[in-house]
Amino acid sequence: MNRRTVVLSSLALGLAGCARVRDSKLNPFNWFGRSRERETVALPVRPKDTRDLVAEVVSMTVEQIPTGAIVRATGRTPTQGWWQAELVEQPLTEDGVLVLEFRIFPPIERTDINTPQSREVTAAIHLSNIVLDPVREIVVQGAANARAARR
């Protein structure tokens with residue numbers, strides 16, 4: 001009977017500790033929440049990248065992996081034919097905000113305007129655990145809007 005009590009007590013204490021770990025920052029699934037609409041971030045230095053910002057950032061996700069995270073964003077362009085989309089990392093701000101500019105080249109020739117879904121472009125970037133350590137918020141920025149995910 002005494003052994004059963006010790007085992008049940010240990011199990012109860014272990015499960016009680018899980019509630020605290022589940023809500024803490026130690027749990028990697030709590031690192032970044034869902035993305036939300038956010039104001040664009042004014043950057044002090046103009047980037048060397050000559051590509052345009054995507055017209056609108058439609059969605060953004062931060063997916064945890066063992067080596068860090070994959071940030072995936074979908075943007076909508078004004079016409080079809082935009083190419084070489086990339087999330088370009090900017091310097092970390094003092095507040096721990098990592099801005100990723102959604103850069104893309106415009107079409108070479110005049111192109112059609114079709115359905116919004118046909119004008120969507122997706123880009124992703126891998127961020128290592130070392131890069132993510134000081135980050136409190138990730139912002140994907142387009143020309144008209146930005147989306148963000150916070151810890």
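**Terms and their grounds**

Tutor: D49 forms a salt bridge with R51, and the closest N and O atoms of the two are 2.6 Å apart. The model is a predicted one, in which local features need pLDDT of at least 70, side-chain atom pairs count only at pLDDT 80 or more, and totals for chains, interfaces and linings use all residues. Residues are numbered from 1 along each chain as its sequence is written, and side-chain values use heavy atoms, with hydrogens and water left out.

Student: Why is the pair of D49 and R51 called a salt bridge?

Tutor: The term requires a side-chain nitrogen of Lys or Arg within 4 Å of a carboxyl oxygen of Asp or Glu. For D49 and R51 the closest N and O atoms are 2.6 Å apart, so the pair is a salt bridge. In general, side chains of opposite charge can pair when their charged atoms come close.

Student: What makes R51 buried?

Tutor: Buried means under 20% relative accessible area, exposed means over 50%, and partly exposed lies in between (1.4 Å probe, protein chains only). R51 has a relative accessible area of 5% and is therefore buried. D49 has 22%, so D49 is partly exposed.

Student: Which other residue forms a salt bridge with R51?

Tutor: E86 does, with the closest N and O atoms 2.6 Å apart. This pair links distant parts of the chain: E86 is in strand β5 (residues 83–89), R51 is in the loop between β1 (36–38) and β2 (52–53), and 35 residues separate them. E86 has 37% relative accessibility and therefore counts as partly exposed. D49, R51 and E86 are linked in a network of salt bridges.

Student: How do you know that R51 lies over the face of F105?

Tutor: A charge sits over a ring if NZ of Lys or CZ of Arg is within 6 Å of the ring centre and within 35 degrees of the ring normal. R51 is at 5.7 Å from the ring centre of F105, and it is listed as lying over the face of that ring.

Student: How many salt bridges does the rule give?

Tutor: The count comes to seven. One of the pairs is E101 with R103, at 3.0 Å from N to O. Both E101 and R103 are buried.

Student: What is the secondary structure of the protein chain?

Tutor: The chain has two helices and nine strands. Helices (H or I, at least four residues) and strands (E, at least two) are DSSP runs, numbered from the N terminus. The order from the N terminus is α-β-β-β-β-β-β-β-α-β-β.

Student: Why does V99 count as buried?

Tutor: V99 has 0% relative accessibility, under the limit of 20%, so V99 counts as buried. This residue lies in strand β6. Its C-alpha atom is separated by 6.3 Å from that of E89, ten residues apart along the chain.

Student: Why does R147 count as buried?

Tutor: R147 has 14% relative accessibility, which is under 20%, and therefore counts as buried. R147 is found in strand β9 (residues 146–150). Leaving aside neighbours within four places in sequence, R147 is in contact (heavy atoms within 4.5 Å) with several residues, among them S35, E37, V58 and I138.

Student: Is D133 buried or exposed?

Tutor: D133 has 56% relative accessibility, over the 50% limit, so D133 counts as exposed. The place of D133 is in the loop between α2 (129–132) and β8. By contrast, Q84, in strand β5, has 46% and is therefore partly exposed. Q84 has a positive phi of about 55° although it is not a glycine.

Student: What makes a set of residues a nonpolar core?

Tutor: A nonpolar core is a set of buried Ala, Val, Leu, Ile, Met, Phe, Trp, Tyr and Cys residues joined through side-chain atoms within 4.5 Å. The largest one here has 22 residues, and those with the most contacts inside it are V71, L87, L100, I138 and V140. A second, separate core of six residues includes V41, V97, A146 and A148.

Student: How much of the whole chain counts as buried?

Tutor: Of its 151 residues, 33% count as buried.
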